[in-house]
Amino acid sequence: MKIQISPKRIVPGAMTVWSEHGPEVDLVVDVKNLKFQPGAIEEMYVFHVLEHLFISEIPEAMANWRNCLMPNGELYIVADDFEFLAREFICGVVDVDFLN
């Protein structure tokens, strides 16, 4: 299964999941706590979500996303403020083991 977390359909063939109903949304979910079975998702695309979460919510959300991915599944993240996210990684808020 391939999903994208976004209010707009961007990735061809991906199910569009978002926190609110919309014309291009296939499934309304809590984007921080996806309810897919562990290992059910082959590819996940996250568009401009992390910068809208509180710092304390990011590790939990990413752990949930990772849990939904298949072994060797792929997670793609697009963020407006990559510098901010990189700083959080460098400061130890987000651990490299957590991302792998």
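Is Asn72 buried or exposed? Asn72 is exposed, because its relative accessible area is 79%; exposed means over 50%, buried means under 20%, and partly exposed lies in between (1.4 Å probe, protein chains only). The notes below start with the model and come back to this residue at the end.

1. **The model.** This is a predicted model: local features need pLDDT of at least 70, side-chain atom pairs count only at pLDDT 80 or more, and totals for chains, interfaces and linings use all residues. Residues are numbered from 1 along each chain as its sequence is written, and side-chain values use heavy atoms, with hydrogens and water left out.

2. **The sheet.** Start with the strands. Five of them form an open sheet, in the order S3-S2-S1-S4-S5. The pairing is parallel. Strands here are DSSP runs of E with at least two residues, and helices are runs of H or I with at least four; both are numbered from the N terminus. Two strands pair if DSSP finds at least two bridges between them. Strand S3 (27–28) and S5 are the edge strands, as each pairs on one side only. In general, strands of a sheet pair through backbone hydrogen bonds, either parallel or antiparallel.

3. **Two pairings to find.** S1 and S2 run parallel and are joined by three bridges. Look for Ile5: its bridge partner in S2 is Val17. S4 and strand S5 (residues 69–78) also pair in the parallel sense, over six bridges. There, Glu43 has Glu74 in S5 as its bridge partner.

4. **The crossover.** Follow the chain from S4 through H1 to S5. This β-α-β crossover is right-handed. The term means that, with the strands pointing away from the viewer, the path from the first strand over the helix to the second runs clockwise.

5. **The core.** Which residues have the most contacts inside the largest nonpolar core? They are Ile3, Ile5, Leu34, Met44, Val49 and Trp65, and the core has 21 residues. A nonpolar core is a set of buried Ala, Val, Leu, Ile, Met, Phe, Trp, Tyr and Cys residues joined through side-chain atoms within 4.5 Å. Strand S1 (2–5), strand S2 (15–18), strand S4 (41–47) and helix H1 (58–68) each give two or more residues to this core. The largest share, five residues, comes from H1. In soluble globular proteins, nonpolar side chains tend to be buried together.

6. **Ile5 in detail.** Contact means heavy atoms within 4.5 Å. Leaving aside neighbours within four places in sequence, Ile5 is in contact with residues including Val17, Leu34, Met44, Val49 and Trp65.

7. **The aromatic cluster.** Tyr45, Phe47 and Tyr76 form one aromatic cluster. Rings of Phe, Tyr and Trp (its six-membered ring) pair if their centres lie within 6.5 Å; planes under 30 degrees apart count as stacked, over 60 as edge-to-face and the rest as tilted. The count comes to two aromatic pairs. Tyr45 and Phe47 are stacked, at 6.5 Å centre to centre with 10° between the planes. Both of these residues are buried. The ring centres of Tyr45 and Tyr76 are 4.8 Å apart and the planes are at 10°, so this pair is stacked. Tyr45 lies in strand S4 and Tyr76 in strand S5, so the pair ties together parts that are 31 residues apart in sequence. Tyr45 is buried because its relative accessible area is 16%. Tyr76 counts as partly exposed because its value is 37%.

8. **Thr16.** Thr16 is found in strand S2. Its relative accessible area is 0%, so Thr16 is buried. A polar contact is a pair of N or O atoms within 3.5 Å; within protein, one must be able to donate a hydrogen and the other to accept it, and residues adjacent in sequence count only if both atoms are side-chain atoms. The side chain of Thr16 makes one of 2.7 Å with that of Gln4. Another, of 3.2 Å, joins the side chains of Thr16 and Arg9.

9. His48 is not a glycine, although its phi is positive, at about 55°. His48 lies in the loop between S4 and H1. It counts as partly exposed because its relative accessibility is 31%. Asn72 is not a glycine either, and its phi is positive at about 65°. Asn72 sits in strand S5.
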